[in-house]
Amino acid sequence: MTVEYIEGMKDCCKGQSVAILGGAPSLVSDMKELPETTQIWGVNQHTAILPLDLIVFIDSKLWPYIKDYHTKFITRTAECDEDNKHIIRVRQQLSHNYSGALALFAADKMGFDSVYVAGMDQYNLDADRTYWWEGPQSPDIVRSRRLCTDGEPVVKFVRTLRRPQNIHFVSGRLKELHQ
């Protein structure tokens, strides 16, 4: 197994672009709007069947489900002891503890000139729909936020990055708030 740390990869992708693919309902339509990019990253298991350059995840419970789909990963929590895997570890604690935020942080740290985000729309129009980035929540929290997902904390997180102007949401609530 190869392990690298994100701290040693600062600006290693300068001059390149990346598409980060989430798992929201808008993913399919967003992908049609993406420009050509140098790399494509998947967040969690949602896009594991696509030809990705790597998968970004935080929840170590996902490891058994995604480990066979790729050989390169960015993570903070998972333990991996398989020889043919390449792990990029992020040791920083982020203000947002979800895989989408980890992907944005890593892309910013690695210095991509353009970061296009698809499938992270932050809408919750269907009262029974739960999106991947909302994370584990109690039923009370889900009930109270059924019709409105507050994207402002994510936008505030993006503004803490070194180059927030390089992040481009393809559609959704985050595009409205950030761009």
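**Salt bridges, sheet and core in a predicted model**

Me: Happy to look at this predicted model with you. Is Arg91 buried or exposed?

Reply: Let's reason from its relative accessibility, which is 55% for Arg91. Exposed means over 50%. Arg91 therefore counts as exposed.

Me: Which residue meets the side chain of Arg91 in a salt bridge, and how many residues apart in sequence are the parts this pair ties together?

Reply: The partner is Glu7, with N to O at 3.5 Å. Glu7 is partly exposed, at a relative accessible area of 32%.

Me: Nice. Which residues are joined with Asp11 into one salt-bridge network?

Reply: Start with the side chain of Asp11, which meets that of Arg162 at 2.8 Å, N to O. Asp11 also forms a salt bridge with Arg163, at 3.1 Å. Through shared partners, Asp11 is joined into one network with Asp108, Arg162 and Arg163.

Me: Is Arg163 buried or exposed?

Reply: The cut-off for buried is under 20% relative accessible area. Arg163 has 16% relative accessibility, so Arg163 counts as buried.

Me: Turning to the sheet, which strands are at its edges?

Reply: The open sheet has eight strands with parallel pairing, in the order E1-E6-E5-E4-E3-E2-E7-E8. An edge strand here pairs on one side only, and that applies to strand E1 (2-5) and E8.

Me: Which residue is the bridge partner of Thr2 in E6?

Reply: E1 and strand E6 (residues 86-89) run parallel and are joined by four bridges. In E6, the partner of Thr2 is His86.

Me: Which element gives the most to the largest nonpolar core?

Reply: That core has 35 residues, and Trp41, Ile74, Leu104 and Val115 touch the most other members. Several elements each supply at least two residues, including strand E2 (17-21), strand E3 (39-43) and helix H5 (152-159). With seven residues, the element that gives the most is H3.

Me: At about what angle does H3 run to E3?

Reply: H3 lies across several strands, among them E2, E3, E4 and strand E5 (72-75). Relative to E3, the angle of H3 is about 155°.

Methods: Residues are numbered from 1 along each chain as its sequence is written. This is a predicted model: local features need pLDDT of at least 70, side-chain atom pairs count only at pLDDT 80 or more; totals for chains, interfaces and linings use all residues. Side-chain values use heavy atoms; hydrogens and water are left out. A nonpolar core is a set of buried Ala, Val, Leu, Ile, Met, Phe, Trp, Tyr and Cys residues joined through side-chain atoms within 4.5 Å. Buried means under 20% relative accessible area, exposed over 50%, partly exposed in between (1.4 Å probe, protein chains only). Two strands pair if DSSP finds at least two bridges between them. Contact means heavy atoms within 4.5 Å. Axes are lines fitted to C-alpha atoms, for helices over the stretch in contact, and angles run from 0 to 180 degrees between N-to-C directions. A salt bridge is a side-chain nitrogen of Lys or Arg within 4 Å of a carboxyl oxygen of Asp or Glu.
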